[in-house]
Structures are given as C-alpha cells and as structure tokens.
Amino acid sequence: MNISPVSRHYLRRLLAEHPAIQSYVNRDTHPLGIEEKYLERYIHLDHLTYPQINQLEFLIELHQKIKVNEPHQTQQLQQIEQKIFDLIGLELPVSHNALADLMSFFSQVAKTQEQIPRRSVNYESVNLADYYEYCRRITEVTVRYLGKMIVTNYWLLTQPRESWLAKIQVDQFHNRNFTPHDQLLTNHEAETLQRWIRDFIQHCCRVLPTLPRLLLAAGIPSHLLYELIR
C-alpha cells in the first residue's frame, strides 16, 4: 500500500517549509520553489507496514484539518508534525516557524468535491447532548464496517468505571431520533467522555485500522481524534 498522491504532496510541502530543510539548500529560494525530487530524498516509506501507512495518512489529514479550522493550535500541529517525521524516519527538530500556509493546494481540491452538510458542533463542548451526538455519529460510521452488535459491545467494554455514566444508555447511540436532556458537564465529566471515545476508537482500530481517517472524513471534531496520537 502506497501513500496517496495528495498526502505525498502535503508531506513535500511540510518538508519544504521546515527550516532544517531550508538550511540544507545551497541557494536562496522560496520554500515552494524547492525541487520536488530534492524533497523526495527525505521521504522513505518502504519500511512502513500497512497500519503505519494508515497512521501516516491519518496524521497528515488531521494536520490539514487543524491547520484550516484551528490554526492557533500550534502545539498540536507541532506534535503531529513530529509524529509524521518520526514515521518516515526523518530526524528533524519540530519547526516553531513552519506553520505557513500549506493549504492552497487543498483549497482547490476541496472546491471540486461535493460538500455534505453537517450539523455544526461546538469544539469546546461541555454539554452532554453534544457528546451524545459525537457518539452517535461515531457509531453510525463504525457500524457500517463492524456491525451493530460488535459496536455496542465495544462501547460497553471501553466504558470508564464511573457511576454517573450508568445513566448513559449505549443503545441510544444507534438512535438518530433520541434527544437527551440538556446538561452541562464539569471538566472532569467532559474529559471522561473524551477518554471513553478515544478508548472506543482505539479498540475498534484493532480490527479497523482506518477508522480514525473515516471519522475525520465524516466530520468528527479534530480535538477528539487528536487525543489518539498522545
């Protein structure tokens, strides 16, 4: 399995913006002017396994999403950047100045793709109803590949052992028409639900390694998926 051409292009742009790469170039040139074959010498993917290629694709897509939607999250972007470099076996320091605009290419791609309307969600949600919606949407995607029974069992298997979670009925994650009571969550409760979501996805990844990418494409907020790489 090879990395997609779009992801490979993004990887080249990410490398081109890195000061360490710039310092190796003997001529004064704009980052985007560096020859592609020069950048390709740093991209070594032959040693990667199928799951690692999936992880690399996910990290690139996640970096792209955060760069577009939450460009102020520089620490997250830098951590993802480091993970990407580690995967391709490139020992480069994380760039603190390499977050220039990488998205012009992808903006053109996005314009040619059909956009599916999605419910607007609050990335800083502290509302139980929003977390029900996250779980419902994650369930909807996962059921297509693993089936309802397995997905239900995985939610139950990964549920944190906290008494207040007993009121959350996992079966309702399959019900589009269910609307829970509006309830504000404490920081601890929100973190617990995020941990549950992360553990569920990681458990599913044992049999469906592409799930994070599928969820990212389905519009699941990047701050939930970012937890997966910590």
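How many disulfides does a search of the whole structure find? I ran the search and found zero. I note at the outset that this is a predicted model.

**Entry 1: the cysteines**

A disulfide is a covalent bond between the sulfur atoms of two cysteines. I looked up cysteine 204. Its closest cysteine sulfur is in cysteine 205, 7.2 Å away, which is too far for a bond. The cut-off for a disulfide is 2.5 Å between the sulfur atoms. I checked from the other side as well. For cysteine 205 the closest cysteine sulfur is that of cysteine 204, again at 7.2 Å and too far for a bond.

Buried or exposed: how does cysteine 204 count? I read a relative accessibility of 0%, so cysteine 204 counts as buried. Cysteine 205 is partly exposed, and its relative accessible area is 22%.

**Entry 2: threonine 142**

Threonine 142 sits in helix H7, which covers residues 128-146. I found threonine 142 buried, at 0% relative accessible area. Which residues does it contact, leaving aside neighbours within four places in sequence? I listed Gly147, Val151, Phe200, Cys204 and Leu211. I also took a C-alpha distance from threonine 142 to leucine 214. They are 72 residues apart along the chain, and their C-alpha atoms are separated by 8.7 Å.

**Entry 3: helices H1 and H4**

I turned to a helix pair. Helix H1 spans residues 5-16 and helix H4 spans residues 50-69. Their axes lie 10 Å apart, and the packing angle is about 65°. I therefore logged H1 and H4 as roughly perpendicular to each other. The crossing is left-handed. On the H1 side I noted Ser7, Tyr10, Leu11 and Leu14 in the contact. On the H4 side the contact is made by Glu57, Ile60, His63, Gln64 and Lys67.

**Entry 4: confidence**

The protein has a mean of 79, and 75% of its residues reach 70 or more. Which element has the lowest mean pLDDT? I found helix H6, residues 104-111, with a mean of 48. Helix H8, residues 148-158, has the highest, at 96.

I marked two stretches. Over residues 95-106 pLDDT stays under 50, and the model has 31 contacts beyond four places in sequence for them. Over residues 112-124 pLDDT is below 50 as well. That stretch, residues 112-124, has 18 contacts in the model beyond near neighbours in sequence.

Terms used: Residues are numbered from 1 along each chain as its sequence is written. This is a predicted model: local features need pLDDT of at least 70, side-chain atom pairs count only at pLDDT 80 or more; totals for chains, interfaces and linings use all residues. Side-chain values use heavy atoms; hydrogens and water are left out. Buried means under 20% relative accessible area, exposed over 50%, partly exposed in between (1.4 Å probe, protein chains only). pLDDT is the predictor's confidence in each residue, from 0 to 100. Helices (H or I, at least four residues) and strands (E, at least two) are DSSP runs, numbered from the N terminus. Contact means heavy atoms within 4.5 Å. Axes are lines fitted to C-alpha atoms, for helices over the stretch in contact, and angles run from 0 to 180 degrees between N-to-C directions. Angles under 35 degrees count as roughly parallel, over 145 as roughly antiparallel, 65 to 115 as roughly perpendicular and the rest as oblique. A crossing is left-handed if the near helix is turned anticlockwise from the far one by less than a right angle, and right-handed if clockwise.
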